[in-house]
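Thanks, everyone, for making the time. I would like to walk through one model with you, beginning with the overall layout and then turning to a pocket and a single side chain.

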Amino acid sequence: MVKATGITNRIRALRFAHAEMTQAELAERVGVTRQTVIAIEKGRYSPSLETAFRIARVFAVPLEQVFQYTDEQYTNEEGTAP
C-alpha cells in the first residue's frame with residue numbers, strides 16, 4: 001500500500017472549474033502522464049516543485065490555491081503551525 005503524503009490539493013475542483021478539464025488535458029498541458037496527474041490528485045504522489053508550479057500556472061492561481069501541506073509533527077493543539 002502506498003502511504004499518502006502530507007500534501008493535499010484542489011486539482012480535481014480546479015479542473016472542473018476550468019471547463020471540466022480532463023486529467024489527460026491537464027497532463028498534456030503540464031508535460032506529465034495522465035497516471036501522474038491521477039496519483040498527484042489522489043495524494044499518492046508529491047509532484048516536483050517545477051511540476052507543482054506548472055499545474056498552478058495552468059489554472060492561473062498561486063501555488064497555495066492548488067497545494068496545501070500539513071505536517072502533523074509541527075501542528076499545535078489548535079490545528080495550526082506554531
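I will start with the chain as a whole.

Please keep in mind throughout that this is a predicted model. The protein chain contains four helices and two strands, and, if you follow the sequence, these elements come in the order β-α-α-α-α-β. Among the contacts in the protein chain with a separation of 6 or more, 55% are between residues 24 or more positions apart.

Let me move to the largest pocket, which has a volume of about 180 Å³. Its lining is made up of I7, P47, S48, L49, A52, L63, E64, F67, Q68 and Y69, and by class that amounts to seven nonpolar, two polar and one charged residues. Helix 4, spanning 49–59, and strand 2, spanning 67–69, each provide at least two of the lining residues, and strand 2 gives the most, with three.

Now to the side chain I mentioned: is R15 buried or exposed? This arginine sits in helix 1, residues 11–17, and R15 counts as buried because its relative accessibility is 6%, below the 20% cut-off. A polar atom of the R15 side chain lies 2.7 Å from the backbone oxygen of M21. Beyond its neighbours within four places in sequence, R15 is in contact with E20, M21, T22, Q23, L26, E41 and F59.

Methods. Residues numbered from 1 in each chain as written. Predicted model: local features only at pLDDT ≥ 70, side-chain atom pairs only at ≥ 80, totals over all residues. Heavy atoms only, no water. 1 Å grid on protein atoms, 1.4 Å probe; cavity = no way out; pocket = protein on both sides within 12 Å on 5 of 7 lines; lining within 4 Å. Points joined across faces, edges and corners; volume = space filled by probe spheres on them. Nonpolar A, V, L, I, M, F, W, Y, C, P; charged D, E, K, R; others polar. Buried < 20%, exposed > 50% of the residue type's maximum accessible area, 1.4 Å probe, protein only. Polar contact = N/O pair within 3.5 Å; in protein donor to acceptor, adjacent residues only side chain to side chain. Contact = heavy atoms within 4.5 Å.
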